[in-house]
Amino acid sequence: MKHVIIGAGAAGIAAAETIRRLRSNDEIVIISADDAVHSRCMLHNFISGERDEKGISHISDEFFVKNNIRWVSGKAVEGIDTANKLVRITGGAEPYDKLLIATGAESICLPHAQSLNAENIFGLRHLRDAKAIREYAKQAKNIIIIGAGLVGMDAAYALSQIGKKPVIIDRAEQILALNLDPYAANMYMQKFEKAGCSFVLGREINQVNENAGKVDSITLNFGQKLPCDMLVMAIGSSPSIGFLAGSDIACNGGITVDKYLATNINDIYAAGDVTGLSGIWPNAVKQGETAASNMCGQPATYDDTFAEKNTMNYFGIPSISLGKVMPGSGDTVQVRKDKDKYQKIILNGGQVVGVVLQGNIAHSGFWLQLVKNEIDISKANKSVFNLSFADFYGVKEDGEYMWVL
Amino acid sequence: MKRIMVDAQNCKGCKNCSIACMQSHRKDNPGGFHSLDLADPANESRNLILLNGNDEYKPLFCRHCAQPECVKACMSGAMEKDSKTGYVRHNAAKCASCFMCVMSCPYGVIKPDRATNSYIVKCDFCQQDGDDPCCVKACRSGAIYVKEVQQ
Amino acid sequence: MKFSCSSCTSADKKMECFVADLSVETSFHRVESQEVKCGFGAQGVCCRLCSNGPCRITPNSPRGICGANSDQIVVRNFLRAVAAGSGCYIHVVENTARNLKNTAQAKGQLKGLAALERLANILGIGGDDAYQKAINIADAILADLYKPAFEPMELVEKLAYAPRYKRWEELGILPHGAKSEVFNGVVKTSTNLNSDPVEMLLHCLRLGISTGLYGLQLTNFLNDILLGEPEIRMAPVGLRVINPDYINIMITGHQHSIFAHLQDMLTQPDVVEKAKAAGAKGFKLVGCTCVGQDLQLRGAHYTEVFDGHAGNNYISEAVLATGGIDAVLSEFNCTLPGIETVCDQLQIKQICLDSIAKKANAQLMQFDFAQRDKISNDIIDAIIDAYKTRRGNIKMNLLPDHGNDQTLTGVSETSLKSFLGDTWQPLIELIAAGQIKGLAGVVGCSNLTAGGHDVLTVELTKELIAKDILVLSAGCSSGGIENCGLMMPEAAELAGPKLKAVCKQLGIPPVLNFGPCLAIGRLEIVAAEVAEALGVDIPQLPLVVSAPQWLEEQALADGAFALALGLPLHLGLPPFITGSNVAVQVLCEDMKSLTGGQVLINADAAESAKMLDEIIIQKRKALNLPTEA
């Protein structure tokens with residue numbers, strides 16, 4: 001049996017590992033456009049110089065050898081011949097018995113800038129993006145980052161660490177609006193400002209102005225114009241499915257998959273960002289593992305789909321957010337804060353529907369279970385802030401813990 | 001694999017396990033536990049004892065799970081399950097301190113290090129000893145013990 | 001948005017939220033991180049008396065290396081604690097007697113001449129004039145305190161209620177020299193000495209008697225002679241008493257007589273002028289912990305300098321965090337170590353007046369009667385300096401709507417009897433008729449672990465008054481109960497129908513505020529006098545005592561006195577004795593046949609109230625008083 005995996009990100013690598021664990025003799029091939037395996041969550045550490053190329057790899061040096069995996073690196077996939085079970089790559093083709101598409105996603109560009117072919121517009125998804133940003137930033141003076149989400153703030157952090165003073169623009173009134181409430185966001189914003197960043201929030205971009213093949217300024221609503229010699233787009237991503245144009249693999253935004261992560265074509269699976277199911281690492285890994293299990297003939301379903309969860313850590317202040325960050329109607333909010341800790345819990349009836357933790361996040365993993373499994377906490381007989389796994393404590397025969405509800 | 005089994009009913013909340021863990025992982029010069037600085041965050045414990053709403057002790061120790069959520073969540077490769085020993089190991093040098101593992105541990109066992117918030121503090125089974133982990137050796141009440149389990 | 005507290009709960013919700021938002025760390029904030037308690041320690045079965053230790057008792061190790069079993073380990077620890085607690089109160093009465101004697105020798109002011117006469121009569125001590133009487137009384141007390149372990153104290157028989165004295169004599173627990181009893185308690189419990197748990201528990205009772213009669217009752221008498229007797233009046237309580245226009249001195253401790261000189265100085269025109277020159281209207285003492293209660297109790301005598309009682313032991317950090325306090329004068333316990341960091345942060349001057357309770361941050365200005373003018377002047381100057389340095393620098397964070405203005409204070413065995421027409425007859429008749437079902441002394445400290453700050457105290461008090469039981473309070477319990485409004489006449493609404501009618505008729509609250517923990521001695525005088533009027537012994541009275549949130553070793557010595565008096569004693573949390581079957585059996589069961597007392601341990605307010613109510617009903621039945629079905 002020959003397994004071909006397109007993509008060497010979180011899903012692709014997890015799938016390869018899983019296949020090798022389940023099938024010691026099957027052939028495994030990974031094809032990737034990147035020529036270095038890297039964690040996209042650490043690209044900012046590369047730009048900042050805190051880590052080198054090897055330092056942002058999430059696998060060991062011996063990974064491919066140890067697992068007996070053939071890695072076709074630096075090759076873009078041009079298309080898939082589903083009838084003949086072939087992956088077409090530059091200058092050749094790779095036959096497969098089972099195929100996993102785990103090509104991830106690409107940065108999206110502001111509509112105003114899509115038609116531009118300016119050399120100083122950058123996304124931040126891949127190592128090649130990070131390399132380009134690091135190189136170009138050397139001479140840039142007026143760097144603008146559009147989007148104050150996680151990618152935008154990663155970029156801002158990285159650039160501030162190499163002495164740049166980026167301006168971050170977002171239409172939201174706060175940074176990290178999808179992940180944090182205003183209080184926690186403001187805590188970070190103050191640190192970013194101290195590090196040299198400045199923010200233009202609650203504003204729309206009217207125009208990206210180009211001159212001689214380069215963006216030279218940005219016009220905001222109300223006519224304000226900001227000089228710009230380097231523009232980083234951090235407004236989101238879309239699944240990397242360009243190479244499937246004209247194929248019979250069904251897509252709807254991302255590749256359409258069922259709960260087995262199978263596509264509409266036999267023996268072809270998809271996992272990770274390319275499915276559009278979830279944009280975060282742990283979910284991509286689980287999708288890769290699930291698809292791999294099915295590729296090996298061991299049926300598995302992708303059940304742990306909850307994706308409203310994230311962590312961040314800027315300037316040594318860690319945060320976790322789960323579920324809602326702001327209360328909706330019928331929700332109640334409990335907050336407690338002291339000098340090194342901020343905790344906000346959003347409740348609806350006996351359920352925790354949102355959590356924001358900042359500062360001290362020690363021993364906080366149980367919150368995710370409470371939120372995603374919609375666990376009734378009203379029986380716990382204590383303040384919500386004192387909840388812990390102790391209130392749902394169970395031990396299995398083999399010593400693993402279990403939640404007792 | 002070997003696992004630290006927990007019998008919560010026997011726990012007396014004395015925290016001997018926590019002191020033994022601190023002693024085993026202390027960062028300063030090794031010495032007898034009388035010289036252990038109990039207030040130095042660098043010496044923090046990997047295990048802890050929680051109370052439930054009925055004030056019953058519930059010891060929290062890393063399970064080195066068969067399906068470790070912390071490993072699946074790790075985007076730097078710092079958290080790994082050792083296929084031979086079954087232990088979930090953390091490589092502090094590799095850790096990118098994203099703390100996805102902290103969020104993902106279903107029991108809230110693991111945590112960022114208190115002193116620098118830059119890596120994960122978790123049980124390593126006192127591997128440098130080869131013997132039973134120090135917490136188990138220190139427990140007077142039979143609340144924790146080591147057992148070989150199937151995975 | 002609701003801000004919940006990152007700290008422990010309090011019966012006093014305004015305080016709870018005030019503390020939660022503070023930028024300084026307080027005891028409230030540290031409760032959570034100390035939540036998991038060592039079970040061995042909690043049960044008292046951890047022994048560190050020798051280098052073989054610590055030894056702990058488990059099913060597999062039922063004896064320490066030396067062979068001590070759980071009873072021996074537990075009771076040794078317990079006697080040590082009671083001895084230490086007794087020592088604290090004996091120190092207080094010793095200093096108070098010395099202060100009275102010095103004042104009398106210097107022909108200084110004695111503000112309570114009636115109290116002097118009463119005590120002189122009780123003790124059968126005379127003298128040519130008031131000063132000589134005071135000197136003779138002080139000398140007799142000091143002589144007793146200093147008696148050796150083989151000599152009984154002479155005043156015990158005069159102070160004790162006769163039937164009790166007889167019983168103590170039978171049990172062989174009449175105390176000898178009070179300091180020697182503490183000494184013996186410490187020696188007995190040292191390594192490999194006493195191993196008889198029952199003998200050691202009887203020693204606890206002996207310490208209880210010397211603590212109660214000398215440490216409590218005599219200290220009150222001496223303070224009343226020196227500083228004036230309590231007078232019933234309405235007074236403000238809570239953080240509202242802090243007026244930032246003044247130079248404010250928070251006082252903590254248990255020795256009112258040490259403040260006597262300074263208290264008078266602070267209203268002298270030249271001293272007030274100094275304050276004015278610094279930009280303030282004058283000086284104010286802000287009461288905190290028991291010595292604050294003592295000042296409040298006698299507040300009628302110095303309304304000018306004392307603005308009111310702010311709160312109990314665990315409020316002291318919050319009082320300082322208001323920013324309105326310029327100095328802390330401390331002389332004894334309940335001065336939390338935690339105030340030191342708050343004082344540092346808010347530039348509050350700490351001065352300690354008694355080296356026994358020296359605080360690390362404080363400047364020691366040991367009280368010395370002969371040097372009193374100089375010391376008081378030095379204190380005043382140091383505080384003015386602190387005022388000038390910190391005011392303007394430190395942000396005020398006052399809580400002027402905390403507490404209330406109408407707390408009934410100044411209740412003592414004398415003022416209460418006088419209020420009733422110089423006789424206990426009205427009270428006895430109300431009890432006999434069942435209008436007041438019984439009396440409960442809710443006393444002792446506050447802690448943060450029996451449900452939270454003052455939670456059990458306040459809840460239990462509410463339960464008791466709802467059952468028509470009149471509550472008498474003394475100690476930090478009073479601080480919590482008064483800040484929660486239960487000592488205002490309006491609180492009668494919370495009482496059962498009969499007690500409510502009594503309160504309304506008399507215009508009193510259902511909880512009477514006797515003030516500091518020292519005043520537990522006053523409650524016991526009330527009990528003895530009522531028993532005497534009825535011709536019964538104290539254990540027969542429909543009277544119970546609860547220290548729902550006992551905190552310190554001193555409270556254990558108080559509790560030992562209650563047991564010696566034969567009173568049912570409720571505690572919210574066990575005093576580290578539950579690891580010993582013998583200790584539990586003796587204290588909770590056998591005590592009934594020894595002294596008539598018993599220990600009841602329960603942390604639930606409703607259940608505790610029910611237990612105490614049942615005891616009161618039984619005692620009423622035994623006295624053939626009417627009881628409801």
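1. Helices (H or I, at least four residues) and strands (E, at least two) are DSSP runs, numbered from the N terminus. By that rule α21 of chain C covers residues 497–506, and the residue that follows α21(C) is G507(C), with a positive phi near 70°. The model is a predicted one, in which local features need pLDDT of at least 70, side-chain atom pairs count only at pLDDT 80 or more, and totals for chains, interfaces and linings use all residues. Residues are numbered from 1 along each chain as its sequence is written, while chains are lettered from A and ligands numbered from 1 in the order in which they are written.

2. Which residues of α21(C) are buried? They are L499(C), V502(C) and C503(C). Here a residue is buried if 20 or more other C-beta atoms lie within 10 Å of its own, exposed if 12 or fewer, and partly exposed in between, with C-beta atoms placed from the backbone. These three lie on the same side of α21(C), because they cover an arc of only 95° around the axis; the arc is that of the directions from the helix axis to the C-beta atoms. P497(C) and Q505(C), on the other side of α21(C), are exposed. The packing partners of the buried residues of α21(C) are α18 (425–433), α19 (455–466) and β13 (469–475) of chain C. For contacts, here and below, two residues count if their C-beta atoms, placed from the backbone, lie within 7 Å.

3. Chain C has three domains: domain 1 (70–227), domain 2 (239–390) and domain 3 (407–622). The bounds come from an automatic or database domain assignment. Between domain 1 and domain 2 of chain C, the C-alpha centres are 29 Å apart. Their contact involves 12 residues of domain 1 of chain C and 13 residues of domain 2 of chain C. On the domain 1 side, α4 (70–105) and α10 (197–227) of chain C each supply at least two residues. α4(C) gives the most to that side, with eight residues. By class, the domain 1 side has five nonpolar, six polar and one charged residues. In this count Ala, Val, Leu, Ile, Met, Phe, Trp, Tyr, Cys and Pro are nonpolar, Asp, Glu, Lys and Arg are charged, and the others, Gly among them, are polar.

4. The largest nonpolar core has 212 residues, and those touching the most other members are V82(C), I225(C), V286(C), V319(C), L320(C) and A560(C). A nonpolar core is a set of buried Ala, Val, Leu, Ile, Met, Phe, Trp, Tyr and Cys residues joined through C-beta atoms within 7 Å. α4(C) contributes the largest share of this core, 16 residues. Leaving aside neighbours within four places in sequence, V82(C) is in contact with G185(C), C204(C), L207(C), E553(C), L556(C), A557(C) and A560(C). Apart from this core lies another, of 161 residues, which includes I69(A), L99(A), F366(A) and C139(B).

5. Chain A has nine helices and 27 strands. Its radius of gyration is 23 Å, close to the 22 Å that the globule rule gives for 405 residues, so chain A is as compact as a globular protein of that length. The radius is taken over C-alpha atoms, and the rule is 2.2 Å times the number of residues to the power 0.38. The C-alpha trace of chain A spans about 70 × 60 × 35 Å along its principal axes. Of the 405 residues in chain A, 46% are buried. Among contacts in chain A with a separation of 6 or more, 60% join residues 24 or more positions apart.

6. Is A234(A) buried or exposed? A234(A) counts as buried because it has 26 C-beta neighbours inside 10 Å. A234(A) sits in the loop between β16 (230–233) and β17 (237–239) of chain A. Leaving aside neighbours within four places in sequence, its contacts are L124(A), I145(A), I146(A), G147(A), G149(A), V151(A), G152(A) and A155(A).

7. Chain B is divided into domain 1 (1–61 + 123–151) and domain 2 (66–120), and the C-alpha centres of these domains of chain B lie 18 Å apart. Eight residues of domain 1 of chain B are in contact with nine residues of domain 2 of chain B. That side of domain 1 of chain B divides into five nonpolar, one polar and two charged residues.
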